[in-house]
Structures are given as structure tokens and as C-alpha cells.
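The following exercises concern the structure shown below. Each task is followed by a worked solution.

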Amino acid sequence: MRLRHLIAALLAMIAVPVLADSALPPAELAYSQLKDPAKEAEARKLMETLRCLVCQGQSIADSDAEMAGDMRALVREKIAEGQQPAEVRKWLVERYGDYVTYDPPFSWLTAPLWLLPLLLIAAGLLIARRSFGKSDPTIEGEEA
Amino acid sequence: MIAEAGLAALWLAAGLALVQLALGWGAARSGSAELLAATRRVSVAQGVLAMLSFGVLILLFLQSDMSVQLVAQNSHSEKPWLYKFAGAWGNHEGSMLLWVTVLAMAGGGVALVERRIDGKTLAATLGAQAAIAIGFYAFILIASNPFLRLNPPAPEGMGLNPLLQDPGLAFHPPTLYFGYVGLSVAFSFAVGALLTREVGPAFARAMRPWVLIAWVFLTIGITAGSYWAYYELGWGGWWFWDPVENASLMPWLAATALLHSVTVLATRDGLRAWTLMLAVVAFSMSMIGTFLVRSGILVSVHAFAVDPTRGSFILALLGIYIGGALALFGARVSTVTQGSTFQLVSREGALVLNNLLLSVILGIVFIGTLYPLLAQAMGQQLSIGAPFFNKASVPVALVLVVATMAGPLLKWRRDRWGALGRQMALPGVVSVLAFAALAALSGSSDWVALIGLALAAGLAVASVLPLWKRNLRRTPLHIWGMVIAHVGIAVSIAGMASDAAFKQERLVALRTGEATTVGPFQVKLADVRPAIGPNYSAMQAHLDVTRSGGAPFVLFPGQHYFSSPVTTTSEAAIKTMADGQLYTVLGEGTGDGRWQVRLWWKPWITLIWFGGALIALGGLMAMIGRLRRERRPAAGAEDGE
């Protein structure tokens with residue numbers, strides 16, 4: 001935690017002036033919600049899965065960085081226009097690369113990520129089976 | 001001069017660790033009582049010297065000795081004494097020294113108190129503990145010397161980052177380190193037992209208190225760290241699946257599995273090989289966590305490549321210790337028989353399921369944390385975050401909750417499906433009714449969170465059922481510990497699920513005098529005015545809050561501006577009520593006379609940390625109960641509890 005905070009502070013100092021013009025006030029939608037609660041919920045859900053590119057491991061939904069604010073405004077605008085979250089994510093990925101999404105699409109690159117838990121369960125069950133004795137009606141349970 | 005004394009103590013401790021390794025090796029081979037006694041004494045001396053060295057470092061920080069580079073870089077003569085004190089471990093070198101000091105203390109502790117396991121295994125254990133220590137002493141002495149002098153001395157120190165000047169954070173790292181490094185004892189016990197092939201109930205009973213105490217420290221450290229992140233980061237989040245957080249979660253998951261499997265080994269002489277494996281894995285996770293945090297690799301693979309000395313050093317140590325232990329395990333596992341077998345429907349069966357599911361969650365966290373680094377090393381950019389971790393681990397965790405309900409209700413060795421069904425009827429009905437009520441009345445469509453709440457209700461009921469028809473006065477302390485820890489899990493899950501399902505958010509820009517609502521609250525921005533703190537200037541908002549049908553109150557969230565280094569922090573103002581927290585944050589001015597205000601109503605969220613505290617308390621009670629029970633001479637045999 002401490003490390004992230006330090007680095008976020010450092011990065012914010014170095015990177016923000018390059019990526020956003022600090023003289024401009026932040027866009028309204030960077031810090032206020034959409035009027036329609038359903039759209040806002042949709043936008044919120046999407047923002048939580050988008051990476052703040054100048055932060056250390058934070059989503060744009062919970063970052064003070066200016067760039068995160070700009071991205072929040074952008075997401076809310078596009079959702080308000082009626083775009084689907086998947087479209088907005090695709091648009092951002094085209095601009096910033098896969099790095100921007102915390103919810104990477106299933107691909108050859110991410111397949112091991114999803115397969116490993118399943119493999120672990122399978123391997124675990126195989127190992128566990130060895131621990132179980134043969135059904136023996138003469139064994140009586142012991143009172144806990 | 002005292003800095004040199006600290007360095008000398010560290011060299012001596014490292015030397016003694018070598019002696020300890022040699023003596024332990026000899027004692028384990030020969031079984032000589034004299035050699036074992038000598039190993040014990042050297043272990044204690046090594047612990048004392050490491051503590052002395054760390055004490056010297058604390059003294060240097062308290063004295064603000066600016067001729068020591070580490071002090072000059074990380075402290076300031078006008079800092080409050082608490083942050084001078086905590087500054088000793090608020091940096092790389094100091095925290096590594098604390099790490100190895102805890103390691104040496106743990107070894108010394110084992111040497112002092114351990115009388116239960118056979119001499120050869122104990123000697124091998126102390127030797128293994130020394131072997132770990134040697135690597136980390138070498139790391140500190142070669143690549144991270146905390147006692148380096150500065151010539152000429154600095155006129156003044158550079159100060160500690162203002163964000164780190166928080167009383168909660170001052171004691172967060174030592175708490176986690178006691179947990180991380182406490183697991184080294186389990187690791188060394190496992191290595192010792194593999195070397196002498198003495199794996200059985202006595203060994204498990206000797207190892208168990210160490211696992212429990214390390215686990216209690218880890219639980220406290222993680223819970224406190226989560227609360228710190230919650231109030232300090234200013235967006236109401238309490239867990240971020242950040243690699244540094246995951247680094248502390250992984251040893252906790254492994255230790256949780258270990259403390260359950262070690263009970264099977266102690267009580268039923270089952271799961272021998274698996275318990276040894278978990279003991280190795282648990283401390284390996286601690287070391288991997290240390291590597292992740294200390295090598296700079298999390299910033300990026302490239303940052304690691306620019307200055308790879310420290311990172312490569314720790315990586316090499318990881319390879320030696322983890323690889324060595326796994327190789328030993330592989331070589332010896334065939335000679336360690338699996339121990340007693342048992343039926344699928346039995347206490348052991350439920351604990352195996354517990355271990356399996358915890359291991360799967362551990363695997364998910366492990367691959368999710370390391371995969372982006374792996375991808376980056378192969379030239380691919382990839383972000384793994386909350387969506388992956390939640391999707392992959394929450395379903396497993398919910399099944400684990402059901403297993404936690406059933407486990408304590410089952411008999412050892414063998415039980416019947418019918419009996420299990422009768423026992424589970426009440427918690428099952430509670431869960432189903434809770435879910436039906438929530439689905440009908442709550443208005444939330446977050447089904448996963450509602451299932452979590454319903455299962456938490458069932459778990460709370462199931463957890464106290466083992467006390468049913470017992471004489472509560474005569475119920476052993478470790479049973480109480482289990483009950484309280486399991487209730488704590490239910491409480492904590494209820495808090496997490498409630499936050500997910502019911503939190504309300506309001507993000508607005510307000511002029512002074514304007515009001516808004518969030519949940520049942522009406523919040524008015526009465527005023528925003530500048531303020532001056534000891535080492536920062538601030539803007540502070542005055543919020544007038546009324547809850548429908550309740551007494552009004554005020555909150556003062558603010559923004560703090562620090563000049564060295566230039567940092568702005570949001571200081572959330574949080575009102576804690578019996579049924580949740582109102583979380584308020586003042587953001588920046590918008591340039592047209594309005595202020596950003598962020599408000600969250602978080603029903604029952606405090607249960608997350610309250611539950612964490614209960615879990616730690618339960619672990620502590622279990623440890624004390626076990627130790628007291630084993631002190632009694634008649635309690636040689638476990639009575640199946």
C-alpha cells in the first residue's frame with residue numbers, strides 16, 4: 001500500500017502535466033454523476049474495470065489523478081450518448097492498448113489465467129481422493 | 001560509534017547463524033544431546049544479537065544521527081518521536097533488518113521453549129532456520145547495509161513522506177512481518193521433519209502454536225491495512241487486489257490452510273505429506289511477497305532491470321530456499337506415508353475440502369498477481385485486476401463458506417450423510433430464508449452479494465452449533481477460538497457483501513449553502529475554509545448532515561497540501577453509526593466557486609474489520625487454549641477436538 005501511494009504521488013507529479021493540461025478545470029462529468037441512475041450504474045461498473053494509466057494499480061473509478069478524471073468524464077459521456085460499455089471499452093483499448101482494461105478478453109495470452117484455477121481444482125480432487133479410505137462399515141465415527 | 005556497534009552485532013549474528021547451521025547439522029546427524037544444547041544456545045544468542053542490531057538502528061533514528069545515510073534519507077530532526085521510531089522500518093534497509101531480526105527471534109524462541117519434538121528434528125529445524133537467516137544476513141550486509149555512514153554528515157534529514165506519517169501505518173509493517181516471518185518456523189519444522197522423517201502428531205502439535213500466532217499477526221496486519229487504505233485513499237474502497245495487498249493475502253491463505261491441516265495431523269495423524277507441503281508453501285509465499293515488494297519489480301519489469309542487484313539477490317535466495325525445500329520434499333515424500341485414512345464424509349473430509357479450496361484461491365491470487373509481470377517480460381502489456389480476482393475467487397470462496405459450515409459439525413474419520421443433513425438443516429434453512437427475504441425486500445440485484453449475505457447468516461448459525469448441548473464453562477478454549485473465528489468470517493463476509501449490494505454513492509459539485517442527499521442522509525456544504533496543520537496547509541469543508549428521523553451532526557472532510565514532498569491528500573471524514581458509515585470527501589474546487597464533494601453511505605461496512613478482529617481473537621484463543629492444554633501432563637493424547 002505504502003509503495004503504491006508513494007509511486008502514485010511521484011507519477012502524478014511527473015506525468016500529469018504531460019498528459020493533461022492542468023490549467024483547464026476538470027470536466028464536469030469527471031466528478032459528478034449522470035442524471036440517469038441506470039446509466040450511472042453502467043458507467044460506474046465500467047470505470048471500475050478500467051486502469052488509471054498514470055497511477056500505480058488503481059482503477060479510474062478511485063483515483064485522484066487528472067487523467068483518471070478525464071477518462072471518467074469520457075466514459076460517462078459515451079454511456080450517456082447511449083454507447084454500450086463493451087463499445088466504450090473497445091474504443092479505449094484501441095487507443096491505449098490492452099493495458100487499460102483490468103478485465104482482459106479471453107485470448108491465447110489470458111487463457112492460462114482462467115485455466116489454472118480449473119486445473120488446480122482437478123489436480124486437488126485427484127490428490128484428495130488418495131486420502132479417502134475405502135468404504136469400511138466397521139469404522140465408527142468418533143464424537144467431535 | 002553506535003552505528004558501527006550495530007553493524008558489528010549484525011556480522012556477529014550472521015557468523016553465529018553459520019555456527020548454528022553447522023551445529024544443528026551435527027546434532028541432527030549424531031543425535032548428540034550436547035550438540036543440541038549448544039545449537040539451542042547459539043540460536044538464542046543469534047536472536048539476541050539481531051535484536052541488538054535492530055535496537056541500535058532504532059536508537060540512531062531516535063537520536064536523528066544524520067551521519068548515518070539511512071537516517072539522513074528517511075528522517076528529520078523535528079519529526080514527532082513516533083515517526084522517528086517507525087522511520088527505522090519505513091525504508092528498504094531498515095525493513096529488511098526488521099525482517100531478519102524477526103527471523104532470528106523466531107529461531108531463538110523455538111530454541112528456548114521447544115521441548116516436545118525429538119532432539120534430531122529440533123536440531124534440523126534450528127539448522128534450517130539458520131540457513132534461511134544466513135541468506136538474508138548476506139543480503140543485508142552486501143546489498144542493503146542500514147548502518148552506512150555519510151561523510152560529511154547531512155545538516156538535516158530529508159523527512160518521511162507525509163502519507164506514511166500515520167499511527168496506524170507505523171505499526172502495520174511490523175505486524176505483517178511477525179506474521180510473514182513467523183511462518184519461517186513452520187517452514188523450518190517441515191524441513192527438519194523431512195530430514196529426520198519424524199512426521200506425526202507430536203510434530204504437528206509442536207508446530208501448531210507457531211502457525212497460529214503467525215496467522216493471528218497476518219490477520220491483524222491485513223485487517224488493519226485494509227482499514228488504512230479505506231480511510232486514507234479517499235474513494236471508499238477497502239480492498240484493491242493490488243499486488244502489495246496480494247503479497248500479504250497469499251501467505252495468509254496458505255497459513256489458513258496449514259492451520260487446518262496441521263490439526264488433522266495432530267488429531268488423526270492424517271495429511272502428513274500435505275501438511276509439510278503447505279508449511280513449505282506458506283513461508284515461500286512470505287518470501288515471494290517480500291521479493292515482490294522489495295525488488296521494485298511491481299513498478300515495472302523495466303525498473304527492476306535498471307537496478308537488478310537487490311531484486312536478483314532476493315530472487316536467488318528464493319530459488320535456493322524454495323527450490324531446495326521442494327527438492328527435499330520431492331526426495332523424501334515417498335518415505336512419508338500419508339497417515340491415517342478417512343471417509344469422504346468426515347471432519348477430515350471437510351478439512352481436505354477447505355484446504356483444496358483455499359489452495360485454489362491461493363493459486364488464483366498467485367497467477368493473477370504474477371501473470372502481468374510474466375506478460376510484461378514477454379513484451380505484452382496486460383492488466384489483471386478486481387474483475388479477474390472477483391470472478392475467479394468469489395465462487396470458490398462461497399463454496400468454502402459452505403464447507404466451513406459443515407466441517408465443525410462432522411465427526412472425525414467417518415460420519416453419515418444423514419447425520420450431516422440433520423446438522424446442516426438449521427443453517428441451511430437460515431440461509432435459504434435469508435436469501436428469500438433479501439431477494440424480495442432489499443431491492444438489490446447484486447445476486448452474488450445477496451448469496452454472500454445469506455451464506456454468512458447460515459455460517460454464523462452453523463459456527464455456534466458446536467457449542468450446542470455443551471457445558472459452556474467446561475468447553476475448551478480452543479473450541480471457543482474456532483467458534484469465534486468462524487463467526488468472525490461470517491461477520492466479515494456480511495460486511496463485504498453489504499458494501500457490494502447496498503452502498504450508495506453521490507458525486508457532486510456544490511456551492512456553499514447547497515445540499516444534496518445520499519442514502520438516508522441530507523448533506524449541506526455549509527462552508528469551505530483554509531486551515532493550517534503542523535506541516536501542511538489545508539482546505540476544510542464543514543458539512544451539516546441530517547439523517548431522516550435522526551439528530552443532526554457535522555463532518556469536516558479536507559484536502560491537505562504538503563510542500564516537501566509536494567503531495568495533496570484527501571482526508572476523508574467518516575461518521576460511524578451502529579448500522580454503517582457515512583464516508584465524506586472534499587475534492588478540488590471546480591474553478592467556478594463550487595467544490596467537488598464525494599459521499600458514500602456504506603451500510604454495515606464496519607463488519608468487515610470487526611469480523612477480521614474476531615478472526616484474530618479466535619486464533620489467539622485457540623493458540624492459548626492449545627498451549628494450556630499441552631502443559632497439563634495428562635493431556636498427552638488428543639481427545640479429538
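**Exercise 1: Domains**

Task: determine how far apart the C-alpha centres of domain 3 and domain 4 of chain B lie.

Solution. The C-alpha centres of these two domains of chain B are 36 Å apart. The domain bounds come from an automatic or database domain assignment. For chain B, the assignment gives domain 1 (1–159), domain 2 (171–401), domain 3 (416–502) and domain 4 (504–603).

Conventions: the model is predicted, so that local features need pLDDT of at least 70 and side-chain atom pairs pLDDT 80 or more, while totals for chains, interfaces and linings use all residues. Residues are numbered from 1 along each chain as its sequence is written, and chains are lettered from A and ligands numbered from 1 in the order in which they are written.

**Exercise 2: The sheet**

Task: state the order of the 4 strands in the open sheet of chain B, and explain why one side of β1 and of β8 is left without a neighbour.

Solution. Step 1: the order is β1-β10-β9-β8, with antiparallel pairing; strands are DSSP runs of E, at least two residues, and helices are runs of H or I, at least four residues, numbered from the N terminus. Two strands pair if DSSP finds at least two bridges between them.

Step 2: β1 (504–510) and β8 (573–577) of chain B are at the edges and have a single partner strand each, so one side of each lacks a neighbour in the sheet. The twist from one strand to the next averages 15 degrees.

Step 3: β1(B) is joined to the antiparallel strand β10 (residues 595–603) of chain B by 7 bridges. V508(B) stands opposite V597(B) in β10(B).

**Exercise 3: A helix pair**

Task: describe how α2 (residues 33–62) and α6 (residues 119–143) of chain B pack.

Solution. Step 1: the angle is about 35 degrees and the axes are 10 Å apart; axes are lines fitted to C-alpha atoms over the stretch in contact, with angles from 0 to 180 degrees between N-to-C directions.

Step 2: the contact involves A33(B), L36(B), T39(B) and S43(B) of α2(B), and G119(B), L122(B), A123(B) and L126(B) of α6(B). Contact requires C-beta atoms, placed from the backbone, within 7 Å.

**Exercise 4: Backbone geometry**

Task: identify which residues are joined by a cis peptide bond.

Solution. The bond joins N151(B) and P152(B), with omega about 0 degrees. P152(B) is in the loop between α6 and α7 (167–170) of chain B.

Methods
Contact = placed C-beta atoms within 7 Å.
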